[in-house]
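Reader: I've got the model open on my screen. Could you walk me through how to read it, feature by feature?

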Amino acid sequence: MTEDEMKKTFDKANACRMEGKNEEAFRIYTKLAKENYTEAQYCLGMCYFYATGVEENHAQAFAWFSKAAKQEHALAQFYIGYCYENGLGVLAEDAEKAAAWYNKAAQQGEEQAQYSLGKCYHFGIGVKKDMAKAIAWYLKAAARGNTGAMHNLGYCYEKSEGVEQDYAKAFEWYSKAAEQGGVGALYNLGLFYENGKGVEKNIAKAIECYRKAAEKGDEDAKKALDELESK
């Protein structure tokens with residue numbers, strides 16, 4: 001097939017997936033992946049990873065992610081890192097390889113990889129702990145809308161990890177994460193409102209944040225909500 005024909009066929013596969021015709025999408029992705037079509041190789045890996053149109057098979061997912069990653073597919077590179085970090089489809093967990101693959105994807109601007117690489121530097125996973133680099137990668141990921149990175153920046157400012165303690169900035173980052181549905185950030189905002197950290201004390205807003213987090217299943221928020229409402 002020509003490049004144009006493969007693109008049209010790939011679009012057809014995506015349409016099938018959107019319509020819930022996962023087995024048909026899987027069949028088309030497989031055909032294109034064997035033709036060395038990079039996006040199809042990545043999508044085929046995702047099918048195996050998340051059992052979409054085929055039984056879950058992390059080893060097969062890793063194999064197809066690897067083919068796409070060799071052609072500089074950033075999300076495939078991220079998933080290889082994820083597989084190494086969590087021991088999925090590989091012989092054993094390998095934090096160093098995970099960090100190296102996250103770095104490859106992060107350098108291409110992939111926000112999930114930037115966040116994951118930030119965590120690697122934050123907690124010394126596969127690399128030497130380096131809070132300056134952790135903050136730098138969190139900021140890059142947060143600029144691309146990554147909720148986890150926003151939450152962790154809030155945590156760093158709250159706990160003075162890699163930055164000078166600043167409750168106002170911690171509140172700001174937790175707020176950004178909460179606006180995108182971050183459950184932990186909602187709970188932390190509740191704490192800040194309840195205790196007047198980085199913001200004026202406001203029990204009504206604390207209850208509102210705890211309730212939202214509790215509705216999303218946060219057990220700490222449920223306990224905090226019960227305690228406040230029982231007073």
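Author: Let's start with the core. A nonpolar core is a set of buried Ala, Val, Leu, Ile, Met, Phe, Trp, Tyr and Cys residues joined through side-chain atoms within 4.5 Å. Buried means under 20% relative accessible area, exposed means over 50%, and partly exposed is in between (1.4 Å probe, protein chains only). Here the largest nonpolar core has 77 residues, and Tyr 29, Tyr 42, Phe 65 and Tyr 210 have the most contacts inside it. This is a predicted model: local features need pLDDT of at least 70, side-chain atom pairs count only at pLDDT 80 or more, and totals for chains, interfaces and linings use all residues. Residues are numbered from 1 along each chain as its sequence is written, and side-chain values use heavy atoms, with hydrogens and water left out.

Reader: Which helix gives the most to this core?

Author: Helices (H or I, at least four residues) and strands (E, at least two) are DSSP runs, numbered from the N terminus. Helix 3 gives the most to this core, with eight residues.

Reader: What is Tyr 29 in contact with, leaving aside its neighbours within four places in sequence?

Author: Contact means heavy atoms within 4.5 Å. With those neighbours set aside, Tyr 29 is in contact with Phe 10, Ala 13, Asn 14, Arg 17, Ala 40, Cys 43, Leu 44 and Cys 47.

Reader: How many aromatic pairs does the structure hold?

Author: Rings of Phe, Tyr and Trp (its six-membered ring) pair if their centres lie within 6.5 Å; planes under 30 degrees apart count as stacked, over 60 as edge-to-face and the rest as tilted. There are 21 aromatic pairs in the structure. Take Phe 10 and Tyr 37: the ring centres are 5.5 Å apart and the planes are at 55°, so this pair is tilted. Phe 10 lies in helix 1 (residues 3-18) and Tyr 37 in the loop between helix 2 (22-34) and helix 3 (38-50), so the pair ties together parts 27 residues apart in sequence. Phe 10 is buried, with a relative accessible area of 9%, and Tyr 37 counts as buried at 9% relative accessibility.

Another tilted pair is Tyr 42 with Tyr 79, at 6.4 Å centre to centre and 50° between the planes. That pair links distant parts of the chain, with Tyr 42 in helix 3 and Tyr 79 in helix 5 (residues 74-86), 37 residues apart. Both Tyr 42 and Tyr 79 are buried.

Reader: Which residues do ring pairs link into a cluster?

Author: Tyr 42, Phe 49, Tyr 50, Phe 65, Phe 78, Tyr 79, Tyr 82 and Tyr 102 are linked that way.

Reader: Where does the charged end of Lys 104 sit?

Author: A charge sits over a ring if NZ of Lys or CZ of Arg is within 6 Å of the ring centre and within 35 degrees of the ring normal. The charged end of Lys 104 sits over the ring of Trp 101, 5.4 Å from its centre. Likewise, Lys 140 lies over the face of Trp 137, at 5.8 Å from the ring centre.

Reader: Last one: is Asn 152 buried or exposed?

Author: Asn 152, in helix 9, counts as buried at 11% relative accessibility. For its partners, look for polar contacts: pairs of N or O atoms within 3.5 Å; within protein, one must be able to donate a hydrogen and the other to accept it, and residues adjacent in sequence count only if both atoms are side-chain atoms. The side chain of Asn 152 makes one with the side chain of Tyr 138 (3.0 Å), and a polar contact of 3.3 Å joins the side chains of Asn 152 and His 151.
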